Amino acid sequence: MRRLTLALVACAVLAGCAIRPTTPELDQVVPGSGYRWDPAAVVPGNDPQTLFVLTFSGGGTRAAAFAFGVLEELRRTPIAASNGTHTALDEVDLVTGTSGGSFTALAYALYGATLFDMYEGAFLRRNVQGALLERLFNPLTWPKVLTQGFGRSELAEQYYDEILFHGATYADLLRRTPVVIVGATDVTTGNRIDFSQGQFDFICGDLTRFPLSRAAAASSAVPVVFSPVTLDNRGGRCGYRPTPWMTAALKAPENLELGNRADIRLRNAHMLQDSRERPYIHLVDGGLADNLALLSFVEVLQLAMESPDARVAFDVGRLRRIAVVIVNAASTPDFDYDKISTGPNALAMLAQSVSVPMARYSTASIAALQDVITVWQLRQKLDADARRLGPGSAQVTELPAIDFTVVDVSFDAVADPGLRKYLQNLPTTFALSEEAVSRLRASGAQVLRDSPAFRRFVGELGQSR
């Protein structure tokens, strides 16, 4: 006992013993409660016939600054309406983000318009990477880092909280709009884990008491560089019951056979309820599962397309237009590997083994969105043809006629070749120069402003109001 007491005193002197933060427990699931995105909900003041979604990719400060430039441009874009002029940013219903993009997404959810006065100094121009390294190699932090369960991601979480989130939890985002969903990757399965109460219901976790800084740390926990962020899984203990449309989807084996992404995702989520088999869920960078933060919305569209019950639950029938702005800060640096006979070194090979699959998976994510839109529009046409032919011609799905707009905001869309090359060669780091941050912000705004698809969407939105 005396030795234990001395050990505790020693830990307290050397910056304190630390333990892994536990996931707040949810005693009883209450359907519809907590912080979650409800597709049927209409943001007050927004056009009820329009669904406007932003997705922020990973890529460290490069991604955070590029996404911030898009937010700034949306704030500057007026929408004329019968009840007065407001901005395109006011019309946003949902923001998703991963890794570097998760910081901008969560900070906007927390601070709203105040973000535009403080984000640059609080985060974008700060040498976050250097500060984290300084803390990691500070002997006073070693007792924490060497404590079982408390790793480099917990150290990062504390720092993110100090400089940006200041103790905020998801409870601070309740009744704020738009809803923001960020994601991480389950190390064991490779599946995406979203920080939404809908996802946390499966593990009996209370997201309202979960720190935003911990969500950002999980979403940006690059493997090896950072330790995994661990969630406590208490699934099966809080009375969770799937909704009727979920139950119907789970009973349709043909969806699984056809590779229905939404159905597979739903089945994987339900497997989390077996907490005896998996009492802990270890999370790393969300970019490994979905570097564009796009697939969660693709799955919602696919569910709505395949399930009449989901269409009713999501109130899809009210929609006339859906716009998705994909903010993609993926880089394509000039390595010049093929100009030397020895090829890349071991460290470069390791980096490429991660970045190449992520880039290919991002391309596949955009293709998945386009595929769903194409099938949706084809079924609309078949329904229209059936109605035209009259009785005896069966309708296919009775999908509502929706005008889809997809806006690509990426470095590839930068018009100036020199600037494009500069941006594409910026490293994935949390420490960029002031010049880089400024050029990223300006470029994100310019690409969005120059997009014909975005301009058309803004014009149509103004006419509908």
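The following conversation goes through selected features of a predicted model.

Visitor: How many disulfides does the search of the whole structure find?
Guide: The search finds one disulfide, the term being used for a pair of cysteine sulfur atoms within 2.5 Å. Cysteine 204 is joined to cysteine 238, with an S to S distance of 2.1 Å.

Visitor: Which parts of the chain does the pair link?
Guide: The pair links distant parts of the chain, 34 residues apart. Cysteine 204 is in the loop between helix 8 (197-200) and helix 9 (212-219), and cysteine 238 is in the loop between strand 7 (229-232) and helix 10 (244-250). Helices (H or I, at least four residues) and strands (E, at least two) are DSSP runs, numbered from the N terminus.

Visitor: Are cysteine 204 and cysteine 238 buried or exposed?
Guide: Cysteine 204 and cysteine 238 are buried. Buried stands for under 20% relative accessible area, exposed for over 50%, and partly exposed for values in between (1.4 Å probe, protein chains only). The angle about the S-S bond is -80 degrees, and the link is left-handed.

Visitor: What about phi at cysteine 204?
Guide: Cysteine 204 has a positive phi of about 55 degrees although it is not a glycine. Most residues other than glycine have a negative phi, and most peptide bonds are trans.

Visitor: Changing topic: how is strand 9 placed, and why is it largely enclosed?
Guide: Strand 9 (residues 321-328) is largely enclosed by the rest of the structure because eight of its eight residues are buried. Arg321, Ala323, Val325 and Val327 point one way, whereas Ile322, Val324, Ile326 and Asn328 point the other way. In a regular strand the side chains alternate between the two faces of the sheet.

Visitor: Which strands pair with strand 9?
Guide: Strand 1 (residues 50-56) pairs with strand 9 in the parallel sense over seven bridges, and strand 10 (residues 403-410) pairs with strand 9 in the parallel sense over eight bridges. Two strands pair if DSSP finds at least two bridges between them. Leucine 51 stands opposite isoleucine 322, and alanine 323 stands opposite threonine 405 in strand 10.

Visitor: How many cavities of 30 Å³ or more are there?
Guide: The structure holds three. On a 1 Å grid over the protein atoms alone, a cavity is a set of points where a 1.4 Å probe fits but cannot get out, and a pocket is an open set with protein on both sides within 12 Å along at least five of seven lines; lining residues have an atom within 4 Å of a point. Grid points are joined across faces, edges and corners, and a volume is the space filled by probe spheres set on the points.

Visitor: What is the largest cavity like?
Guide: The largest cavity has a volume of about 90 Å³. Leu51 and Ile322 are among its lining residues, as are Trp37 and Trp376. Helix 14 (residues 295-306) supplies the largest share of this lining, four residues. By class, the lining has twelve nonpolar, no polar and no charged residues. Here Ala, Val, Leu, Ile, Met, Phe, Trp, Tyr, Cys and Pro count as nonpolar, Asp, Glu, Lys and Arg as charged, and the others, Gly among them, as polar.

Visitor: And the second largest pocket?
Guide: The second largest pocket has a volume of about 950 Å³. Of its 35 lining residues, the closest to its centre are Trp37, Ser196, Gly198, Trp245 and Met246. Helix 14 gives the largest share of this lining, five residues. The lining has 19 nonpolar, eight polar and eight charged residues.

Terms used: Residues are numbered from 1 along each chain as its sequence is written. This is a predicted model: local features need pLDDT of at least 70, side-chain atom pairs count only at pLDDT 80 or more; totals for chains, interfaces and linings use all residues. Side-chain values use heavy atoms; hydrogens and water are left out.
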